[in-house]
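Hi,

Here is the structure I said I would pass on. Have a look at it first, and then read my notes below.

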Amino acid sequence: MGTGMRQGPEIWIRGPVAAPEAEAAPPETAPAQATARRFSWVGLHGGAGVSTLAAVYGGHDSGRIWPGPADPQSVLLVARTHATGLDAVVPATEVFRRGEAPQGLDLDAVVLVADAPGRLPRPLAHRIRLIESVIDVYRVPWVPEWRLGDLSGRPPRETDPLARLTGASR
């Protein structure tokens, strides 16, 4: 390597590391087993789906109010994919950007729940792309069983990224 060039992590310099012997104790610096992060679901309008999402993916159902001090401070904003729902997303994210959200709250993402089965009309799909350009968005498709109150099945495969985020293991 030439002078002034920085070296990468040692593992890349010396190659693969041999597996430790079975009887060797793990080093004290080994990280503790990770625990799932807890979230508060906050609806941006009535009927957003907060209660259903909290029941399926876990976390705190905040309804349409900010989480309290004893609730998880990581927030997932929830809206439907109809025009009214999408209209509520940007102003809510701006509250966080301007630092006007209650102290200690952290906006993690926006969760958009399908308002009907099938494809979105082009104008709504365009609005979602604009929202996705400024914040992480998780999409939840139309689930007929949820409409009937049956939350017992596995969440839709399309929501695997959301399940990983919330630590849902159904």
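Where is the place of Thr159? Thr159 sits in the loop between helix 5 and helix 6 (160-166). Helices here are DSSP runs of H or I with at least four residues, strands are E runs of at least two, and both are numbered from the N terminus.

Before more of that, some housekeeping. This is a predicted model, so local features need pLDDT of at least 70 and side-chain atom pairs count only at pLDDT 80 or more, while totals for chains, interfaces and linings use all residues. Residues are numbered from 1 along each chain as its sequence is written, and side-chain values use heavy atoms, with hydrogens and water left out.

On confidence: pLDDT (the predictor's confidence in each residue, from 0 to 100) has a mean of 84 for the protein chain, and 78% of the residues reach 70 or more. Contact means heavy atoms within 4.5 Å.

Back to Thr159. Thr159 counts as buried because its relative accessible area is 1%; the cut-offs are under 20% for buried, over 50% for exposed and partly exposed in between, with a 1.4 Å probe and protein chains only. Its side chain makes a polar contact of 2.7 Å with the side chain of Tyr57. A polar contact is a pair of N or O atoms within 3.5 Å; within protein, one must be able to donate a hydrogen and the other to accept it, and residues adjacent in sequence count only if both atoms are side-chain atoms. A polar atom of the Thr159 side chain also lies 2.6 Å from the backbone oxygen of Pro156. Leaving aside neighbours within four places in sequence, Thr159 is in contact with Tyr57, Arg139, Val140 and Pro141.

Tyr57 takes us to helix 2, where Val50, Leu53, Ala54, Val56 and Tyr57 are buried. Just after helix 2, Gly58 has a positive phi of about 85°.

Leu77, in strand 3 (residues 74-80), is buried because its relative accessible area is 0%. Asp108 lies in strand 4 (residues 106-113), and it counts as buried because its relative accessibility is 18%. The side chains of Asp108 and Ser74 are joined by a polar contact of 3.4 Å.

Last, the pockets. A pocket is an open set of points on a 1 Å grid over the protein atoms alone, where a 1.4 Å probe fits and protein lies on both sides within 12 Å along at least five of seven lines; lining residues have an atom within 4 Å of a point. The largest pocket has a volume of about 210 Å³, volume being the space filled by probe spheres set on the points, which are joined across faces, edges and corners. Its lining has 17 residues, with Ala114, Ala116, Gly118, Leu120 and Arg139 nearest the centre.

The second largest pocket holds about 160 Å³ of space. Among its lining residues are Leu53, Arg80, Pro141 and Trp146. Helix 2 (50-57) and helix 5 (144-147) each give two or more residues to that lining.

Over to you!
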